[in-house]
Amino acid sequence: MLLKRYTGNMLLLILLFLLLTFFFLGDVFIPNAIDFSRYPQLHSVLVVFLGLFLESIPFLFLGAIASSFIQLYISEEIIQRMIPKGPVTAIFAAIGAALIIPVCECAIIPVVRKLIQKGVPVHAGVVLLVTAPILNVIVFGSTYYAFQNDPSILYGRIILCVLTAVIVGLFIYIFSRKDVVKEEKLEAVHEHHVHDFPPSKWTSFIEHTSQEFFMVGRYFIIGALFASIFQVLMDRAILAEIGQAPIKGTALMMGIAFVLSLCSSADAFVAASFSHSFLPGSILGFLVFGPMLDLKNVLIMMACFKRSFVFTYVLLVFAVVFSLCLIAGGLISKGGL
Amino acid sequence: MKRFFIQKLEGLLLLGLGLMIFKLYVSGHLTKLIAPKMIPYALTALFAFFVISLLRLKKQKQGRNHCDCHSIRESSASVLALKYSLFFIPIFLGFILTDFTLSGEVLAKRGMAQQQAQKQSSYDTGKHVNLENITVTDENYFEVLDELLNNLDTIKGKEIELSGFVYREDQFTKKQVAISRLSMSCCVVDATLYGYMLNGNVKGMKTNDWYTITGTLKKGSYKGEAVPVIDLKDAKKIKPPKETYLYENVQIIQ
(Lines give C-alpha, C1' and ligand atoms only; values in the text may rest on other atoms or scores of the structure.)
Protein backbone atom coordinates (compact mmCIF):
# COMPACT_ATOMS: atom_id res chain seq x y z
CA MET A 1 0.00 0.00 0.00
CA LEU A 2 2.72 2.38 1.02
CA LEU A 3 4.85 1.40 -1.93
CA LYS A 4 1.94 1.90 -4.31
CA ARG A 5 1.30 5.32 -3.00
CA TYR A 6 4.95 6.15 -3.39
CA THR A 7 4.97 5.08 -7.07
CA GLY A 8 1.80 7.06 -7.65
CA ASN A 9 3.37 10.21 -6.31
CA MET A 10 6.55 9.62 -8.26
CA LEU A 11 4.53 9.23 -11.44
CA LEU A 12 2.69 12.48 -10.78
CA LEU A 13 5.94 14.30 -10.13
CA ILE A 14 7.41 13.01 -13.38
CA LEU A 15 4.29 14.14 -15.22
CA LEU A 16 4.50 17.57 -13.65
CA PHE A 17 8.15 17.82 -14.65
CA LEU A 18 7.29 16.79 -18.24
CA LEU A 19 4.46 19.31 -18.41
CA LEU A 20 6.66 22.16 -17.27
CA THR A 21 9.53 21.17 -19.57
CA PHE A 22 7.26 21.09 -22.58
CA PHE A 23 5.55 24.29 -21.50
CA PHE A 24 8.82 26.20 -21.46
CA LEU A 25 10.83 24.40 -24.10
CA GLY A 26 8.39 22.39 -26.23
CA ASP A 27 8.36 24.85 -29.09
CA VAL A 28 12.14 25.15 -29.03
CA PHE A 29 13.38 21.61 -29.43
CA ILE A 30 10.43 19.71 -30.93
CA PRO A 31 10.14 21.69 -34.20
CA ASN A 32 13.85 21.00 -34.70
CA ALA A 33 13.40 17.30 -34.07
CA ILE A 34 10.25 16.79 -36.14
CA ASP A 35 9.96 18.63 -39.41
CA PHE A 36 6.21 18.98 -39.82
CA SER A 37 6.50 20.49 -43.28
CA ARG A 38 7.38 17.04 -44.53
CA TYR A 39 4.00 15.72 -43.42
CA PRO A 40 1.63 18.50 -44.50
CA GLN A 41 -1.51 16.43 -44.08
CA LEU A 42 -0.63 15.17 -40.62
CA HIS A 43 0.32 18.71 -39.62
CA SER A 44 -3.01 20.07 -40.86
CA VAL A 45 -4.92 17.34 -39.02
CA LEU A 46 -3.15 18.31 -35.80
CA VAL A 47 -3.81 22.03 -36.30
CA VAL A 48 -7.48 21.46 -37.09
CA PHE A 49 -7.81 19.16 -34.10
CA LEU A 50 -6.29 21.73 -31.77
CA GLY A 51 -8.61 24.41 -33.16
CA LEU A 52 -11.67 22.23 -32.66
CA PHE A 53 -10.52 21.37 -29.15
CA LEU A 54 -9.88 24.98 -28.12
CA GLU A 55 -13.17 26.14 -29.56
CA SER A 56 -15.23 23.52 -27.75
CA ILE A 57 -13.41 23.10 -24.46
CA PRO A 58 -14.93 26.15 -22.68
CA PHE A 59 -18.40 24.88 -23.54
CA LEU A 60 -17.64 21.32 -22.52
CA PHE A 61 -16.51 22.69 -19.21
CA LEU A 62 -19.59 24.87 -18.91
CA GLY A 63 -21.69 21.77 -19.53
CA ALA A 64 -19.87 19.94 -16.74
CA ILE A 65 -20.45 22.86 -14.36
CA ALA A 66 -24.15 23.07 -15.23
CA SER A 67 -24.54 19.35 -14.84
CA SER A 68 -22.91 19.36 -11.39
CA PHE A 69 -25.05 22.28 -10.38
CA ILE A 70 -28.20 20.38 -11.29
CA GLN A 71 -26.85 17.30 -9.55
CA LEU A 72 -26.23 19.07 -6.27
CA TYR A 73 -28.64 21.97 -6.03
CA ILE A 74 -31.79 21.12 -7.96
CA SER A 75 -33.93 18.52 -6.30
CA GLU A 76 -36.19 16.07 -8.04
CA GLU A 77 -39.23 17.69 -6.46
CA ILE A 78 -38.53 21.03 -8.13
CA ILE A 79 -38.18 19.34 -11.48
CA GLN A 80 -41.37 17.36 -10.98
CA ARG A 81 -43.21 20.57 -10.28
CA MET A 82 -41.73 22.40 -13.25
CA ILE A 83 -42.31 19.83 -15.96
CA PRO A 84 -45.78 19.87 -17.55
CA LYS A 85 -47.61 16.56 -17.31
CA GLY A 86 -48.89 16.20 -20.87
CA PRO A 87 -46.37 15.04 -23.48
CA VAL A 88 -47.23 17.75 -26.00
CA THR A 89 -47.00 20.59 -23.48
CA ALA A 90 -43.74 19.10 -22.19
CA ILE A 91 -42.33 19.07 -25.72
CA PHE A 92 -43.27 22.69 -26.31
CA ALA A 93 -41.97 23.69 -22.90
CA ALA A 94 -38.65 22.09 -23.86
CA ILE A 95 -38.58 24.00 -27.15
CA GLY A 96 -39.19 27.20 -25.20
CA ALA A 97 -36.37 26.33 -22.82
CA ALA A 98 -34.05 25.68 -25.77
CA LEU A 99 -34.75 29.17 -27.08
CA ILE A 100 -33.68 30.70 -23.78
CA ILE A 101 -30.65 28.50 -23.04
CA PRO A 102 -27.73 29.98 -24.98
CA VAL A 103 -25.62 26.84 -25.30
CA CYS A 104 -24.77 24.59 -28.18
CA GLU A 105 -24.30 20.89 -28.59
CA CYS A 106 -21.16 20.28 -26.55
CA ALA A 107 -22.64 21.67 -23.36
CA ILE A 108 -26.20 20.44 -23.63
CA ILE A 109 -25.65 16.67 -23.69
CA PRO A 110 -24.35 16.21 -20.12
CA VAL A 111 -26.99 18.62 -18.90
CA VAL A 112 -29.80 16.65 -20.53
CA ARG A 113 -28.38 13.45 -19.11
CA LYS A 114 -28.48 14.91 -15.62
CA LEU A 115 -31.98 16.28 -16.14
CA ILE A 116 -33.26 12.88 -17.23
CA GLN A 117 -31.66 11.32 -14.15
CA LYS A 118 -33.46 13.88 -12.06
CA GLY A 119 -36.80 12.87 -13.48
CA VAL A 120 -37.32 14.96 -16.60
CA PRO A 121 -39.20 12.73 -19.07
CA VAL A 122 -37.04 11.34 -21.86
CA HIS A 123 -39.11 12.89 -24.63
CA ALA A 124 -38.64 16.39 -23.20
CA GLY A 125 -34.91 15.77 -22.81
CA VAL A 126 -34.61 14.61 -26.39
CA VAL A 127 -36.40 17.73 -27.60
CA LEU A 128 -33.79 19.80 -25.77
CA LEU A 129 -31.00 17.81 -27.45
CA VAL A 130 -32.52 18.43 -30.87
CA THR A 131 -33.39 22.11 -30.54
CA ALA A 132 -30.88 23.74 -28.19
CA PRO A 133 -28.00 23.86 -30.72
CA ILE A 134 -30.12 25.53 -33.43
CA LEU A 135 -32.67 27.66 -31.63
CA ASN A 136 -30.56 30.53 -30.40
CA VAL A 137 -29.89 34.08 -31.49
CA ILE A 138 -26.27 33.56 -32.52
CA VAL A 139 -27.18 30.74 -34.88
CA PHE A 140 -30.08 32.77 -36.34
CA GLY A 141 -27.72 35.69 -36.86
CA SER A 142 -25.00 33.76 -38.64
CA THR A 143 -27.48 31.89 -40.83
CA TYR A 144 -29.17 35.15 -41.81
CA TYR A 145 -25.83 36.74 -42.57
CA ALA A 146 -24.48 33.83 -44.61
CA PHE A 147 -27.69 33.48 -46.64
CA GLN A 148 -28.76 37.09 -47.08
CA ASN A 149 -29.96 36.48 -50.58
CA ASP A 150 -31.96 33.40 -49.68
CA PRO A 151 -34.01 33.90 -46.51
CA SER A 152 -35.86 30.62 -47.05
CA ILE A 153 -32.76 28.87 -45.70
CA LEU A 154 -33.06 30.64 -42.34
CA TYR A 155 -36.82 30.09 -42.04
CA GLY A 156 -36.45 26.54 -43.28
CA ARG A 157 -33.76 25.83 -40.71
CA ILE A 158 -35.92 27.03 -37.82
CA ILE A 159 -39.12 25.37 -39.02
CA LEU A 160 -37.47 22.05 -39.80
CA CYS A 161 -35.71 22.06 -36.44
CA VAL A 162 -38.97 22.56 -34.53
CA LEU A 163 -40.80 19.97 -36.64
CA THR A 164 -38.01 17.45 -36.11
CA ALA A 165 -38.15 18.09 -32.37
CA VAL A 166 -41.91 17.52 -32.21
CA ILE A 167 -41.84 14.35 -34.31
CA VAL A 168 -38.82 12.84 -32.55
CA GLY A 169 -40.23 13.84 -29.15
CA LEU A 170 -43.60 12.20 -29.80
CA PHE A 171 -41.98 9.10 -31.21
CA ILE A 172 -39.76 8.76 -28.13
CA TYR A 173 -42.82 9.38 -25.92
CA ILE A 174 -44.72 6.50 -27.52
CA PHE A 175 -41.90 4.00 -27.80
CA SER A 176 -39.42 5.06 -25.17
CA ARG A 177 -37.94 3.19 -22.31
CA LYS A 178 -37.23 5.00 -19.09
CA ASP A 179 -33.69 3.79 -18.47
CA VAL A 180 -31.73 5.51 -21.18
CA VAL A 181 -28.97 6.98 -19.03
CA LYS A 182 -25.66 5.23 -18.53
CA GLU A 183 -24.48 4.05 -15.10
CA GLU A 184 -27.39 5.03 -12.99
CA LYS A 185 -26.59 2.79 -10.07
CA LEU A 186 -23.49 4.68 -9.09
CA GLU A 187 -25.35 7.92 -8.82
CA ALA A 188 -27.30 6.57 -5.86
CA VAL A 189 -24.11 6.81 -3.83
CA HIS A 190 -24.17 10.50 -4.48
CA GLU A 191 -27.62 11.38 -3.35
CA HIS A 192 -26.91 9.63 -0.13
CA HIS A 193 -23.83 11.52 0.85
CA VAL A 194 -25.03 14.87 -0.37
CA HIS A 195 -27.79 14.72 2.18
CA ASP A 196 -25.55 13.35 4.87
CA PHE A 197 -22.75 15.85 4.63
CA PRO A 198 -24.08 19.26 3.69
CA PRO A 199 -20.80 21.10 4.47
CA SER A 200 -18.93 19.23 1.76
CA LYS A 201 -21.13 20.52 -1.02
CA TRP A 202 -18.53 22.85 -2.46
CA THR A 203 -15.88 20.15 -2.55
CA SER A 204 -18.22 17.69 -4.15
CA PHE A 205 -19.20 20.34 -6.67
CA ILE A 206 -15.56 20.68 -7.71
CA GLU A 207 -15.07 16.94 -7.68
CA HIS A 208 -18.17 16.38 -9.75
CA THR A 209 -17.40 19.06 -12.32
CA SER A 210 -13.91 17.76 -12.80
CA GLN A 211 -14.96 14.13 -13.19
CA GLU A 212 -17.81 14.98 -15.51
CA PHE A 213 -15.46 17.08 -17.62
CA PHE A 214 -12.91 14.31 -17.98
CA MET A 215 -15.52 11.68 -18.72
CA VAL A 216 -17.16 13.68 -21.50
CA GLY A 217 -13.85 15.17 -22.62
CA ARG A 218 -12.16 11.93 -23.52
CA TYR A 219 -15.00 10.91 -25.82
CA PHE A 220 -14.90 14.36 -27.30
CA ILE A 221 -11.17 14.04 -28.02
CA ILE A 222 -11.71 10.81 -29.93
CA GLY A 223 -14.56 12.38 -31.91
CA ALA A 224 -12.57 15.51 -32.63
CA LEU A 225 -9.60 13.48 -33.88
CA PHE A 226 -11.78 11.62 -36.37
CA ALA A 227 -13.49 14.83 -37.41
CA SER A 228 -10.16 16.56 -38.11
CA ILE A 229 -8.98 13.63 -40.23
CA PHE A 230 -12.12 13.94 -42.36
CA GLN A 231 -11.75 17.71 -42.46
CA VAL A 232 -8.32 17.44 -44.00
CA LEU A 233 -8.71 14.43 -46.26
CA MET A 234 -12.12 15.10 -47.78
CA ASP A 235 -12.00 16.51 -51.29
CA ARG A 236 -14.87 18.98 -51.69
CA ALA A 237 -14.61 19.04 -55.50
CA ILE A 238 -15.76 15.45 -55.86
CA LEU A 239 -18.86 16.23 -53.83
CA ALA A 240 -20.00 18.90 -56.24
CA GLU A 241 -20.61 16.32 -58.93
CA ILE A 242 -23.36 14.56 -56.99
CA GLY A 243 -24.80 17.81 -55.68
CA GLN A 244 -27.71 18.40 -57.99
CA ALA A 245 -29.59 15.15 -57.27
CA PRO A 246 -32.13 15.96 -54.53
CA ILE A 247 -32.12 12.61 -52.71
CA LYS A 248 -28.45 11.75 -53.05
CA GLY A 249 -27.46 15.37 -52.47
CA THR A 250 -29.43 15.63 -49.23
CA ALA A 251 -28.06 12.37 -47.88
CA LEU A 252 -24.56 13.48 -48.85
CA MET A 253 -24.85 16.89 -47.22
CA MET A 254 -26.12 15.29 -44.01
CA GLY A 255 -23.20 12.89 -44.13
CA ILE A 256 -20.76 15.76 -44.61
CA ALA A 257 -22.30 17.69 -41.73
CA PHE A 258 -21.90 14.58 -39.59
CA VAL A 259 -18.20 14.06 -40.26
CA LEU A 260 -17.14 17.72 -40.32
CA SER A 261 -18.48 18.36 -36.79
CA LEU A 262 -18.74 22.12 -37.13
CA CYS A 263 -20.04 24.31 -34.35
CA SER A 264 -23.64 25.33 -35.03
CA SER A 265 -22.85 29.02 -34.89
CA ALA A 266 -20.25 28.67 -37.65
CA ASP A 267 -21.69 26.07 -39.98
CA ALA A 268 -23.81 28.52 -41.98
CA PHE A 269 -20.69 30.06 -43.54
CA VAL A 270 -19.44 26.67 -44.62
CA ALA A 271 -22.89 25.78 -45.94
CA ALA A 272 -22.90 29.00 -47.94
CA SER A 273 -19.71 27.93 -49.66
CA PHE A 274 -21.54 24.76 -50.76
CA SER A 275 -24.64 26.60 -51.90
CA HIS A 276 -23.62 26.70 -55.54
CA SER A 277 -23.25 23.00 -55.98
CA PHE A 278 -26.17 21.81 -53.87
CA LEU A 279 -29.93 22.32 -53.89
CA PRO A 280 -31.58 24.28 -51.03
CA GLY A 281 -33.10 21.09 -49.60
CA SER A 282 -29.63 19.55 -49.31
CA ILE A 283 -28.23 22.72 -47.72
CA LEU A 284 -31.03 22.52 -45.15
CA GLY A 285 -30.06 18.92 -44.50
CA PHE A 286 -26.56 20.13 -43.66
CA LEU A 287 -27.77 22.97 -41.45
CA VAL A 288 -30.43 21.03 -39.56
CA PHE A 289 -28.75 17.66 -39.14
CA GLY A 290 -25.21 18.84 -38.38
CA PRO A 291 -25.92 20.58 -35.06
CA MET A 292 -28.11 17.73 -33.87
CA LEU A 293 -25.68 14.96 -34.67
CA ASP A 294 -22.05 14.80 -35.62
CA LEU A 295 -18.99 12.69 -34.93
CA LYS A 296 -18.02 14.54 -31.79
CA ASN A 297 -21.42 14.73 -30.17
CA VAL A 298 -22.33 11.11 -30.94
CA LEU A 299 -19.24 10.19 -28.97
CA ILE A 300 -20.26 12.54 -26.16
CA MET A 301 -23.69 10.89 -26.20
CA MET A 302 -22.03 7.48 -25.91
CA ALA A 303 -20.45 8.73 -22.70
CA CYS A 304 -23.81 9.79 -21.30
CA PHE A 305 -26.48 7.44 -22.60
CA LYS A 306 -26.96 3.75 -23.18
CA ARG A 307 -25.79 2.50 -26.53
CA SER A 308 -29.20 1.26 -27.61
CA PHE A 309 -30.70 4.68 -26.95
CA VAL A 310 -27.96 6.50 -28.88
CA PHE A 311 -28.53 4.10 -31.77
CA THR A 312 -32.30 4.68 -31.83
CA TYR A 313 -31.81 8.43 -31.52
CA VAL A 314 -29.33 8.59 -34.40
CA LEU A 315 -31.55 6.56 -36.74
CA LEU A 316 -34.67 8.45 -35.77
CA VAL A 317 -33.17 11.91 -36.17
CA PHE A 318 -31.60 10.95 -39.48
CA ALA A 319 -34.85 9.56 -40.90
CA VAL A 320 -36.95 12.52 -39.76
CA VAL A 321 -34.53 15.23 -40.92
CA PHE A 322 -33.97 13.45 -44.22
CA SER A 323 -37.67 13.20 -45.09
CA LEU A 324 -38.42 16.74 -43.89
CA CYS A 325 -35.57 18.13 -46.01
CA LEU A 326 -36.81 16.36 -49.12
CA ILE A 327 -40.28 17.83 -48.58
CA ALA A 328 -38.87 21.28 -47.85
CA GLY A 329 -36.57 21.06 -50.87
CA GLY A 330 -39.58 20.29 -53.06
CA LEU A 331 -41.52 23.22 -51.61
CA ILE A 332 -38.64 25.68 -52.04
CA SER A 333 -38.03 24.72 -55.65
CA LYS A 334 -41.74 25.27 -56.37
CA GLY A 335 -41.44 28.66 -54.71
CA GLY A 336 -43.78 27.69 -51.90
CA LEU A 337 -41.67 28.67 -48.93
CA MET B 1 -5.76 5.25 -2.86
CA LYS B 2 -6.62 5.08 -6.56
CA ARG B 3 -9.14 7.80 -5.97
CA PHE B 4 -6.41 9.95 -4.53
CA PHE B 5 -4.21 9.37 -7.53
CA ILE B 6 -7.01 10.17 -9.98
CA GLN B 7 -7.78 13.35 -8.13
CA LYS B 8 -4.19 14.55 -8.40
CA LEU B 9 -3.95 13.43 -12.01
CA GLU B 10 -7.06 15.41 -12.91
CA GLY B 11 -5.59 18.43 -11.18
CA LEU B 12 -2.38 18.04 -13.13
CA LEU B 13 -4.19 17.67 -16.44
CA LEU B 14 -6.29 20.76 -15.77
CA LEU B 15 -3.09 22.64 -14.98
CA GLY B 16 -1.66 21.42 -18.28
CA LEU B 17 -4.74 22.51 -20.22
CA GLY B 18 -4.58 25.92 -18.58
CA LEU B 19 -0.87 26.31 -19.34
CA MET B 20 -1.50 25.27 -22.94
CA ILE B 21 -4.13 27.98 -23.47
CA PHE B 22 -1.89 30.47 -21.65
CA LYS B 23 1.10 29.73 -23.84
CA LEU B 24 -0.90 30.02 -27.07
CA TYR B 25 -2.46 33.26 -25.89
CA VAL B 26 0.81 34.88 -24.87
CA SER B 27 2.60 33.84 -28.05
CA GLY B 28 -0.26 35.24 -30.13
CA HIS B 29 -0.96 31.92 -31.80
CA LEU B 30 -4.43 31.60 -30.33
CA THR B 31 -6.03 33.76 -33.05
CA LYS B 32 -4.67 31.38 -35.67
CA LEU B 33 -6.77 28.62 -34.13
CA ILE B 34 -9.89 30.37 -32.89
CA ALA B 35 -11.55 33.65 -33.83
CA PRO B 36 -11.10 36.71 -31.55
CA LYS B 37 -14.73 36.49 -30.47
CA MET B 38 -14.05 33.04 -29.00
CA ILE B 39 -11.00 34.18 -27.03
CA PRO B 40 -12.89 35.44 -23.96
CA TYR B 41 -14.40 31.97 -23.59
CA ALA B 42 -10.98 30.36 -23.84
CA LEU B 43 -9.57 32.76 -21.24
CA THR B 44 -12.47 32.10 -18.88
CA ALA B 45 -11.79 28.40 -19.27
CA LEU B 46 -8.11 29.05 -18.57
CA PHE B 47 -9.01 30.78 -15.32
CA ALA B 48 -11.47 28.06 -14.31
CA PHE B 49 -8.91 25.34 -15.08
CA PHE B 50 -6.33 26.94 -12.83
CA VAL B 51 -8.76 27.37 -9.95
CA ILE B 52 -10.12 23.85 -10.11
CA SER B 53 -6.66 22.43 -10.69
CA LEU B 54 -5.43 24.04 -7.47
CA LEU B 55 -8.41 22.72 -5.56
CA ARG B 56 -7.86 19.25 -6.95
CA LEU B 57 -4.14 19.24 -6.20
CA LYS B 58 -4.63 20.50 -2.67
CA LYS B 59 -4.44 17.77 -0.07
CA GLN B 60 -7.97 16.69 0.74
CA LYS B 61 -9.05 15.82 4.25
CA GLN B 62 -9.19 12.12 4.79
CA GLY B 63 -12.27 10.28 5.91
CA ARG B 64 -14.63 12.32 3.87
CA ASN B 65 -17.14 10.46 1.84
CA HIS B 66 -15.99 10.96 -1.72
CA CYS B 67 -18.31 10.57 -4.58
CA ASP B 68 -17.38 7.65 -6.71
CA CYS B 69 -19.22 8.41 -9.83
CA HIS B 70 -18.55 7.32 -13.35
CA SER B 71 -15.52 5.36 -14.32
CA ILE B 72 -13.65 5.20 -11.07
CA ARG B 73 -15.08 1.96 -9.84
CA GLU B 74 -15.37 0.02 -13.03
CA SER B 75 -11.96 0.36 -14.61
CA SER B 76 -8.60 -1.07 -13.77
CA ALA B 77 -5.63 1.22 -13.28
CA SER B 78 -4.20 0.66 -16.75
CA VAL B 79 -7.50 1.31 -18.53
CA LEU B 80 -7.86 4.47 -16.48
CA ALA B 81 -4.37 5.62 -17.37
CA LEU B 82 -5.19 5.13 -21.04
CA LYS B 83 -8.42 7.11 -20.75
CA TYR B 84 -6.69 10.04 -19.11
CA SER B 85 -3.68 9.93 -21.38
CA LEU B 86 -5.90 11.10 -24.25
CA PHE B 87 -5.79 14.55 -22.69
CA PHE B 88 -2.05 14.75 -23.21
CA ILE B 89 -2.61 14.93 -26.97
CA PRO B 90 -4.06 18.47 -27.05
CA ILE B 91 -1.82 19.65 -24.20
CA PHE B 92 1.41 18.65 -25.90
CA LEU B 93 0.22 19.78 -29.31
CA GLY B 94 -0.41 23.22 -27.86
CA PHE B 95 3.08 23.21 -26.34
CA ILE B 96 5.05 22.10 -29.37
CA LEU B 97 3.35 23.51 -32.46
CA THR B 98 4.69 26.81 -33.77
CA ASP B 99 3.35 26.79 -37.31
CA PHE B 100 -0.41 26.87 -37.65
CA THR B 101 -0.88 27.36 -41.37
CA LEU B 102 -2.91 24.83 -43.29
CA SER B 103 -0.89 23.38 -46.14
CA GLY B 104 -1.61 24.32 -49.75
CA GLU B 105 -2.66 20.87 -50.85
CA VAL B 106 -5.12 20.59 -47.98
CA LEU B 107 -6.65 23.94 -48.93
CA ALA B 108 -6.92 22.86 -52.57
CA LYS B 109 -9.23 20.08 -51.42
CA ARG B 110 -11.55 22.64 -49.92
CA GLY B 111 -11.63 24.87 -52.98
CA MET B 112 -12.27 28.57 -53.13
CA ALA B 113 -15.59 29.73 -51.73
CA GLN B 114 -17.87 30.82 -54.52
CA GLN B 115 -19.67 33.83 -53.27
CA GLN B 116 -23.05 34.54 -54.66
CA ALA B 117 -23.81 38.05 -55.70
CA GLN B 118 -26.06 39.34 -52.96
CA LYS B 119 -29.41 40.66 -54.11
CA GLN B 120 -29.29 43.36 -51.53
CA SER B 121 -26.03 44.45 -50.11
CA SER B 122 -25.98 45.78 -46.60
CA TYR B 123 -23.20 48.24 -47.41
CA ASP B 124 -23.40 51.52 -49.30
CA THR B 125 -23.17 50.06 -52.75
CA GLY B 126 -20.70 51.71 -55.00
CA LYS B 127 -18.49 53.06 -52.23
CA HIS B 128 -15.48 51.18 -53.57
CA VAL B 129 -16.50 50.17 -57.05
CA ASN B 130 -16.90 53.74 -58.28
CA LEU B 131 -13.26 54.50 -57.54
CA GLU B 132 -10.70 54.00 -60.29
CA ASN B 133 -8.10 52.56 -57.90
CA ILE B 134 -9.36 50.06 -55.36
CA THR B 135 -7.16 49.22 -52.40
CA VAL B 136 -8.22 46.13 -50.50
CA THR B 137 -7.49 45.95 -46.77
CA ASP B 138 -8.48 43.51 -44.04
CA GLU B 139 -11.31 45.81 -43.04
CA ASN B 140 -12.96 46.24 -46.41
CA TYR B 141 -12.17 42.82 -47.86
CA PHE B 142 -15.70 41.44 -47.91
CA GLU B 143 -17.27 44.79 -48.81
CA VAL B 144 -15.09 45.05 -51.90
CA LEU B 145 -15.61 41.45 -52.92
CA ASP B 146 -19.35 41.87 -52.51
CA GLU B 147 -19.48 45.04 -54.54
CA LEU B 148 -17.33 43.64 -57.33
CA LEU B 149 -19.61 40.61 -57.59
CA ASN B 150 -22.62 42.89 -57.78
CA ASN B 151 -21.13 45.11 -60.48
CA LEU B 152 -19.22 42.64 -62.63
CA ASP B 153 -20.12 44.40 -65.88
CA THR B 154 -18.76 47.80 -64.95
CA ILE B 155 -15.43 46.91 -63.34
CA LYS B 156 -13.38 46.33 -66.48
CA GLY B 157 -10.10 48.23 -66.48
CA LYS B 158 -10.17 49.40 -62.87
CA GLU B 159 -6.97 49.15 -60.88
CA ILE B 160 -6.86 46.97 -57.76
CA GLU B 161 -4.23 46.46 -55.12
CA LEU B 162 -4.40 43.68 -52.56
CA SER B 163 -2.35 41.25 -50.48
CA GLY B 164 -2.82 37.58 -49.97
CA PHE B 165 -1.18 34.22 -50.38
CA VAL B 166 -0.80 32.24 -53.57
CA TYR B 167 -3.26 29.42 -54.02
CA ARG B 168 -3.31 26.82 -56.78
CA GLU B 169 -5.59 24.05 -57.91
CA ASP B 170 -4.68 21.21 -60.24
CA GLN B 171 -6.90 22.60 -62.98
CA PHE B 172 -5.20 25.99 -63.02
CA THR B 173 -3.05 26.76 -66.04
CA LYS B 174 0.57 27.91 -65.75
CA LYS B 175 -0.58 31.49 -66.08
CA GLN B 176 -3.21 31.24 -63.35
CA VAL B 177 -3.14 31.43 -59.57
CA ALA B 178 -5.51 32.84 -57.04
CA ILE B 179 -4.46 35.51 -54.59
CA SER B 180 -6.38 34.49 -51.52
CA ARG B 181 -7.17 34.91 -47.87
CA LEU B 182 -8.56 32.53 -45.29
CA SER B 183 -11.46 33.59 -43.18
CA MET B 184 -12.77 32.02 -40.00
CA SER B 185 -15.96 32.62 -38.10
CA CYS B 186 -15.35 30.47 -34.99
CA CYS B 187 -12.20 28.42 -35.40
CA VAL B 188 -9.79 27.03 -37.93
CA VAL B 189 -12.22 24.16 -38.56
CA ASP B 190 -14.56 26.45 -40.47
CA ALA B 191 -11.74 28.24 -42.30
CA THR B 192 -13.03 29.29 -45.70
CA LEU B 193 -10.88 30.36 -48.61
CA TYR B 194 -11.70 33.56 -50.50
CA GLY B 195 -9.73 34.92 -53.37
CA TYR B 196 -9.35 36.55 -56.75
CA MET B 197 -8.23 34.70 -59.85
CA LEU B 198 -4.99 36.18 -61.11
CA ASN B 199 -3.78 35.92 -64.72
CA GLY B 200 -0.32 36.74 -65.95
CA ASN B 201 3.27 35.75 -65.46
CA VAL B 202 2.83 33.92 -62.18
CA LYS B 203 5.25 31.02 -62.67
CA GLY B 204 7.68 32.32 -60.09
CA MET B 205 5.08 32.79 -57.38
CA LYS B 206 5.30 29.90 -54.93
CA THR B 207 2.13 28.40 -53.44
CA ASN B 208 1.45 29.71 -49.92
CA ASP B 209 3.87 32.64 -50.24
CA TRP B 210 2.46 36.08 -49.52
CA TYR B 211 2.39 38.83 -52.12
CA THR B 212 1.06 42.34 -52.57
CA ILE B 213 -0.17 42.58 -56.13
CA THR B 214 -1.53 45.28 -58.39
CA GLY B 215 -3.49 44.64 -61.54
CA THR B 216 -6.51 45.48 -63.62
CA LEU B 217 -9.93 43.97 -63.08
CA LYS B 218 -12.16 42.26 -65.57
CA LYS B 219 -15.05 39.82 -65.60
CA GLY B 220 -14.02 36.19 -65.73
CA SER B 221 -15.06 32.85 -64.34
CA TYR B 222 -14.14 30.28 -61.70
CA LYS B 223 -15.70 26.83 -61.93
CA GLY B 224 -18.39 28.15 -64.23
CA GLU B 225 -19.36 31.12 -62.04
CA ALA B 226 -18.84 34.72 -63.05
CA VAL B 227 -16.22 36.30 -60.79
CA PRO B 228 -13.88 39.27 -60.88
CA VAL B 229 -10.50 38.34 -62.35
CA ILE B 230 -7.28 40.33 -62.11
CA ASP B 231 -4.70 40.76 -64.88
CA LEU B 232 -1.40 40.94 -63.05
CA LYS B 233 0.71 44.06 -63.40
CA ASP B 234 3.10 43.85 -60.52
CA ALA B 235 3.72 41.45 -57.65
CA LYS B 236 5.85 42.09 -54.61
CA LYS B 237 6.72 39.35 -52.16
CA ILE B 238 5.88 40.24 -48.55
CA LYS B 239 6.16 38.64 -45.15
CA PRO B 240 3.00 36.92 -43.88
CA PRO B 241 1.02 39.48 -41.85
CA LYS B 242 0.58 39.09 -38.13
CA GLU B 243 -3.10 38.41 -38.52
CA THR B 244 -3.20 35.91 -41.36
CA TYR B 245 -6.92 35.29 -41.06
CA LEU B 246 -9.88 37.48 -41.83
CA TYR B 247 -12.69 37.21 -39.33
CA GLU B 248 -16.26 37.21 -40.37
CA ASN B 249 -18.12 39.59 -38.16
CA VAL B 250 -21.72 38.76 -37.77
CA GLN B 251 -23.81 41.75 -36.98
CA ILE B 252 -27.00 40.32 -35.65
CA ILE B 253 -28.86 43.58 -35.91
CA GLN B 254 -28.25 45.08 -39.30
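**Salt bridges, an interface and a helix pair**

Biologist: What makes the meeting of the side chains of Asp267(A) and Arg157(A) a salt bridge?

Modeller: In this predicted model, the N to O distance between Asp267(A) and Arg157(A) is 3.0 Å, and the term asks for a side-chain nitrogen of Lys or Arg within 4 Å of a carboxyl oxygen of Asp or Glu, so the pair qualifies. Asp267(A) lies in helix H13 and Arg157(A) in helix H8 (residues 151-175), so the pair ties together parts that are 110 residues apart in sequence; helices here are DSSP runs (H or I, at least four residues), numbered from the N terminus.

Modeller: Because the model is predicted, local features need pLDDT of at least 70 and side-chain atom pairs count only at pLDDT 80 or more, while totals for chains, interfaces and linings use all residues. Side-chain values use heavy atoms, without hydrogens and water, residues are numbered from 1 along each chain as its sequence is written, and chains are lettered from A and ligands numbered from 1 in the order in which they are written.

Biologist: How do you know how much of chain A and chain B is involved in the contact?

Modeller: Contact means heavy atoms within 4.5 Å, and by that rule 86 residues of chain A and 89 residues of chain B take part. The buried area, which is the accessible area (1.4 Å probe) that two parts lose on being put together, summed over both, is about 8,300 Å², with carbon and sulfur atoms giving 71%.

Biologist: What makes H15(A) and H16(A) a right-handed or left-handed crossing?

Modeller: A crossing is right-handed if the near helix is turned clockwise from the far one by less than a right angle, and left-handed if anticlockwise; H15(A) passes H16(A) in a right-handed crossing. Val298(A), Met301(A) and Met302(A) of H15(A) meet residues of H16(A), among them Phe309(A) and Tyr313(A).

Key: Helix = DSSP H or I, 4+ residues; strand = E, 2+ residues; numbered from the N terminus.
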